[in-house]
Amino acid sequence: MGSSNLKSDNIMAVETKNLTKIYHGNIRAVDNVSFSVKQGEIFGLLGPNGAGKTTVIKMIVTLTHITEGTLQVFGIDSAKSAELVRSMLGYVPQSVSVDTDLTGYENLLIFSKLSYVGKKERDERIKEALEYMGLTERAKDLVKHYSGGMMRRLEIAQALVNRPRILLLDEPSIGLDPASKMHVWESIKQLKKQFGTTILITTHDMSEADELCDRIAIMSDGKISVLGSPVELKKSVGGDIITLNLTSVHHGIEFPKDIGKIIHSDEESIQILVENGEEAIPLITNFYRDQKITIDSISINKPNLDDVFMKYAKRRLHDEFSTHASSARRDFVRHTR
Amino acid sequence: MNIARFLSSSITIAEMEARKIRHDTTELWIRIVQPALWLLVFGVTFNTIKAMPTGSFSYIQFITPGILAQSVLFIAIFYGITVVWERDVGIITKLLSTPSPRASIVLGKSLAASLRGVFQAVMIFALALALGVQIRLDPLDILGVFAVVILFAMCFSSLSMLLASFMKTRERMMGIGQALTMPLFFASNAIYPISVMPIWLQYVSKVNPLSYVVDAMRSMLLSGNYENLLIDIFALILATVIFVTLASITIKRLLE
Ligand SMILES: Nc1ncnc2c1ncn2[C@@H]1O[C@H](COP(=O)(O)OP(=O)(O)O)[C@@H](O)[C@H]1O
Ligand SMILES: [Mg+2]
């Protein structure tokens with residue numbers, strides 16, 4: 001490294017152009033995908049099982065050949081300088097991959113040696129990574145005695161001893177209990193804030209993506225069907241829905257169009273579609289007060305990423321069961337091992 | 001490529017194995033059972049009935065180097081199974097995601113196999129001494145035997161990894177291992193001299209790498225006649241370099 005253009009801000013952390021992966025037997029796992037991950041952001045790749053998320057990450061980590069297209073990590077071509085690319089990244093695979101026959105400390109030690117962390121920094125970094133992921137007390141225990149959540153955290157600690165410029169997390173919270181999940185989420189946010197680490201995360205959990213990501217790409221059948229910030233994406237499926245319960249419904253009142261649109265009304269309730277719920281509520285209450293109508297209760301319903309997901313990642317159930325059931329099953333087998 | 005980094009990665013992989021062995025030594029002890037049976041039952045019996053024309057050496061002297069070579073061969077040829085297992089639990093993915101060059105990982109794995117071979121050799125030495133087998137205990141010869149053990153294990157474990165990248169499952173590797181070890185073992189000079197074999201088998205034995213390894217070990221442990229030693233060792237080094245290179249190219253197939 002050391003070349004000054006690596007540092008410059010206009011270089012993308014990851015940039016792919018027409019990235020394509022065809023596995024044996026003509027499976028188009030990734031199909032002509034182009035996207036960039038900006039430095040310092042948390043970028044989410046979302047999609048159902050078999051969408052091609054893991055394959056994209058594997059190509060970035062140079063674990064699998066790129067069939068077509070190009071991929072650059074901080075401006076370095078991954079096909080040309082695979083080892084240099086790997087030296088800039090930290091990778092947490094989808095299934096547990098720490099060595100259970102070693103201790104937590106040893107896992108970090110071996111990994112830092114293989115990442116050429118200098119002898120002087122090594123101990124300090126291992127200690128920090130253990131502390132950061134809350135594993136200091138169990139560092140001398142064999143990993144086979146760890147819980148699933150601890151293994152995941154060790155895995156992240158392992159990816160951190162390298163001080164990566166970009167961290168790639170493949171479904172980091174799969175199979176974790178809510179407390180461990182929170183812990184992992186917190187550390188991810190901290191990494192971004194404290195060190196400006198760029199993070200690429202894959203998930204099929206909408207709340208996770210909403211919680212963590214600055215930008216999201218939704219993948220389906222190897223293609224990116226939409227890309228944007230969570231707010232933008234939610235907006236694209238329609239605005240917020242406000243439900244009013246009124247003492248009595250007065251038909252024939254013209255509702256002002258600049259506030260929103262009534263999409264449903266019955267005996268005592270009205271549903272109004274608005275762009276931004278928080279801003280619309282005062283306007284709506286003012287409007288009904290002027291009309292001398294009393295509101296009993298009011299509620300906002302915001303579209304969530306589930307709605308976005310359903311819109312952009314929809315696929316026939318038929319596909320889900322034939323082509324992708326086997327990969328899901330394989331994942332399952334590996335997780336339970 | 002930076003040679004110092006390359007070697008340090010390989011040694012780290014071997015260190016990983018050493019640490020695992022330290023945490024659980026059971027496998028080492030179980031592995032000694034088979035060679036012990038060969039020496040104690042086969043060796044002692046044939047020693048008494050003197051059925052084999054082993055020249056100026058007793059039968060048990062004759063087969064000690066043979067059993068040593070055979071048990072290192074077993075460890076090495078089945079090493080691919082360990083690698084397939086490590087693939088299954090994600091360890092290989094992890095190792096290949098580090099900046100270490102692929103060839104250094106494969107070389108390291110073959111060093112790890114030879115580490116197991118060295119432990120095996122120590123055990124067999126101890127066993128032979130306990131049985132009172134007369135072997136030359138010249139320090140240089142002993143060092144030479146260990147060097148051959150290390151090279152031999154590296155050679156065949158890298159061959160095993162090469163095969164594993166194509167076979168991909170533990171079951172197939174088990175089958176391949178068995179299909180290779182038995183013919184290699186019985187068509188070699190490990191437990192009987194080549195002269196007692198039928199003619200066709202003698203030819204097979206002459207191209208059998210195990211025969212050359214046993215030959216090298218016998219020359220150091222028994223005869224002190226080093227005529228063929230250099231050629232034996234050179235052939236091993238050459239084969240090791242070839243197999244490690246090929247396996248480094250193919251290892252990524254394991255992940256596909
Ligand atoms: N090693 C492989 N060989 C053949 N097909 C594969 C392989 N790995 C994944 N696939 C296929 O590629 C597609 C995408 O898989 P993957 O990238 O794992 O999706 P995701 O991570 O989004 O669940 C699936 O159809 C899957 O079956
Ligand atoms: Mg996946």
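E278(A) is partly exposed, with 48% relative accessible area. Start there, and keep in mind that this is a predicted model. The side chain of E278(A) forms a salt bridge with K302(A), at 3.2 Å from N to O. E278(A) sits in helix α9 (residues 277–290) of chain A.

Which elements of chain B supply the side that touches chain A? Helices α1 (3–23), α5 (79–88) and α6 (91–96) of chain B each give at least two residues to it. The most comes from α1(B), with twelve residues. By class, this side of chain B holds eleven nonpolar, nine polar and twelve charged residues. In contact terms, 32 residues of chain B meet 33 residues of chain A. The size of an interface is often given as the accessible area lost when the parts come together. Here chain B and chain A bury about 3,000 Å² between them. Carbon and sulfur atoms hold 56% of that area.

Now turn to chain A itself. Its secondary structure comes to twelve helices and 14 strands. Of its 337 residues, 49% are buried. Consider the contacts in chain A with a separation of 6 or more: 70% of them are between residues 24 or more positions apart.

Over all chains, the count is 29. One of them joins the side chains of R215(A) and E41(A), at 2.9 Å from N to O. R215(A) belongs to strand β9 (residues 215–220) of chain A. E41(A) belongs to the loop between β2 (27–37) and β3 (42–46) of chain A. The two are 174 residues apart, and the pair links distant parts of the chain. Are R215(A) and E41(A) buried or exposed? Both are buried.

Another salt bridge pairs D210(A) with K234(A), at 3.2 Å from N to O. This one runs between two helices. D210(A) is in α7 (residues 206–212) of chain A, and K234(A) is in α8 (residues 230–236) of chain A. They are 24 residues apart. D210(A) is partly exposed, with a relative accessible area of 30%.

E41(A) also turns up around T198(A). T198(A) is found in strand β8 (residues 198–203) of chain A. Its relative accessible area is 2%, so T198(A) is buried. Leaving aside neighbours within four places in sequence, T198(A) is in contact with residues including A13(A), V37(A), K38(A), Q39(A), G40(A) and E41(A). F74(A), R165(A), I166(A) and L167(A) are also among its contacts.

Next comes the metal. Which protein donors does the magnesium ion (ligand 2) have? They are T54(A), through OG1, and Q94(A), through OE1, at 1.9 to 2.2 Å from the ion. T54(A) lies in helix α1 (residues 53–60) of chain A. Q94(A) lies in the loop between β6 (89–92) and α3 (104–114) of chain A, so the pair ties together parts that are 40 residues apart in sequence. The cut-off for buried is under 20% relative accessible area. T54(A), at 22% relative accessibility, therefore counts as partly exposed. Q94(A), at 12%, is buried.

Finish at helix α10 (residues 305–312) of chain A, the place of D307(A). D307(A) counts as partly exposed, at 36% relative accessibility. From D307(A) to M206(A) the separation is 101 residues in sequence, and 9.5 Å in space, C-alpha to C-alpha.

Terms used: Residues are numbered from 1 along each chain as its sequence is written. Chains are lettered from A and ligands numbered from 1 in the order in which they are written. This is a predicted model: local features need pLDDT of at least 70, side-chain atom pairs count only at pLDDT 80 or more; totals for chains, interfaces and linings use all residues. Side-chain values use heavy atoms; hydrogens and water are left out. Contact means heavy atoms within 4.5 Å. Buried area is the accessible area (1.4 Å probe) that two parts lose on being put together, summed over both. Helices (H or I, at least four residues) and strands (E, at least two) are DSSP runs, numbered from the N terminus. Ala, Val, Leu, Ile, Met, Phe, Trp, Tyr, Cys and Pro count as nonpolar, Asp, Glu, Lys and Arg as charged, and the others, Gly among them, as polar. Donors are N, O and S atoms within 2.8 Å of the metal (3.2 Å for Na, K and Ca); water is not among the atoms, so sites may look incomplete. Buried means under 20% relative accessible area, exposed over 50%, partly exposed in between (1.4 Å probe, protein chains only). A salt bridge is a side-chain nitrogen of Lys or Arg within 4 Å of a carboxyl oxygen of Asp or Glu.
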